[in-house]
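Here are my notes on this model, written for someone new to reading structures. Have a look at the picture first, then work through the points in order.

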Amino acid sequence: MLEKFRFLTAGESHGKCLTAIIEGLPSGFEISVDFINQELKRRQGGYGRGDRMKIESDTVEITSGVRFGKTTGAPVTLVIYNKDFENWEKILSVSAEDYTEEKSFTKYRPGHADYAGSVKYNHKDLRDVLERSSARKTAIEVAVGAVAKQILKQFNINGYSKVLQIGKTTEEEDFYAEIDKAKEAGNTLGGRFVLVFENMPVGLGSYVHWDRMLDGRIAQALMSIPAVKAVEIGNGRQACELTGREFHDEILLKDGKIFRETNNAGGIEGGMTNGENLEVYATMKPIPTMRIPLRTVDSSDMSEAEAHFERSDVCAIEACAVVAEARVACVLVNEFLLKYGGDSLEEIQKRY
Ligand code: EPS
């Protein structure tokens, strides 16, 4: 795969910190730490979040690649410290001398990575799976996405999201009540949201190879958010019900310029942006950790058991939508830099 904007993240849910290194950022782009922190705050919010969010107040530290507010072209390193780490210092210690079984658990949580992850990495203590598989790592992904959004913003490309459904309800005024009901019942809820990116240039992505199709890349980026189970580009849901005449967006002319009256394609044709708004829908499953637990198996003695529970969100759909904005922003910056890329903002501006 062609990659221009790349990043890796590291860090455990209750470890010292979450880290990301971004590679491929050209020089001269303004980076606001305040903006990154606002995005982190958005991810922590939303009705139905759990008690961990009362502990954390995520803020980022930039430790490389930015000088006097602008990218230098060097790798950018981002760090978010976990406040909760002070309660877990010994439990997640890197030192063999600190070995403890405190907070170990062996009862698989259905819906989580526990079972397959412990088989794959040969872990007896499911804590070793939980710590990295936790959605906590989406905090640092949102920080990376906030950097990506600032690159896009320089070219007037803006993204936003809106929650459309929580559980069975699509009525916004009923969302809180629906979450309260689930909470009372020791249950959890998923949801569905839309993502929109405006002012898209024509021709990001490509039709020439399967792995360069922009819709495919967006689907991968969104599907890999923990708990996302379905992604639709534009009117993907109805694509099988509508006829060709109904579905496809006719190409019309006004004052010599191309425009569309509909956007069922969601702004992507042939794996490329077509200049219309990019419109993507994603569906999140209910969080698998529940106060009233599901039936499972205890891996220590293969007995029947109830799933492990510490604490959890009742509904994290609003946070999920913020994470999704970040993921898609990263995909778009990558495509943007592949198309218009240079080593500095000035070079890119000339090509754009
Ligand atoms: C999360 C932090 C985690 C979870 C949540 C996401 O914190 P803790 O495990 O300490 O409560 O609240 O992750 C899950 C619910 C999950 O299933 O992975 C966060 O920062 O978003």
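1. Let's start with two helices: α1 (residues 33-44) and α9 pack at an angle of about 145°, with their axes 7 Å apart. Helices here are DSSP runs of H or I with at least four residues, numbered from the N terminus. Axes are lines fitted to C-alpha atoms over the stretch in contact, and angles run from 0 to 180 degrees between N-to-C directions. Which residues make the contact? Glu-39, Arg-42 and Arg-43 do it for α1, and Ala-319, Val-322, Val-323 and Glu-325 for α9; contact means heavy atoms within 4.5 Å. By type, that's three nonpolar, no polar and four charged residues. (Ala, Val, Leu, Ile, Met, Phe, Trp, Tyr, Cys and Pro count as nonpolar, Asp, Glu, Lys and Arg as charged, and the others, Gly among them, as polar.)

2. A word on the source: this is a predicted model, where local features need pLDDT of at least 70 and side-chain atom pairs count only at pLDDT 80 or more, while totals for chains, interfaces and linings use all residues. Residues are numbered from 1 along each chain as its sequence is written, and side-chain values use heavy atoms, with hydrogens and water left out.

3. Next, α5 (residues 138-153) packs on α9 (residues 317-340) at about 50°, with the axes 7 Å apart. That angle makes α5 oblique to α9, because angles under 35 degrees count as roughly parallel, over 145 as roughly antiparallel, 65 to 115 as roughly perpendicular and the rest as oblique. The α5 side of the contact includes Val-142, Gly-145 and Ala-148, and the α9 side includes Ala-326, Ala-329 and Cys-330.

4. Among the residues in touch are Leu-214 and Ile-218 of α7, and Val-328 and Leu-332 of α9. This contact divides into eight nonpolar, one polar and three charged residues.

5. Now for the open space. The largest pocket has a volume of about 840 Å³. (On a 1 Å grid over the protein atoms alone, a pocket is an open set of points with protein on both sides within 12 Å along at least five of seven lines; a cavity is a set where a 1.4 Å probe fits but cannot get out; lining residues have an atom within 4 Å of a point. Points are joined across faces, edges and corners, and a volume is the space filled by probe spheres set on them.) Of its 38 lining residues, His-112, Ser-134, Ala-135, Arg-136 and Asp-313 lie nearest the centre. Helix α9 turns up again, giving the largest share of the lining, three residues.

6. Finally, there is one cavity of 30 Å³ or more, and the largest cavity holds about 50 Å³ of space. Its lining includes Arg-109, Met-290 and Phe-309, and divides into seven nonpolar, two polar and one charged.
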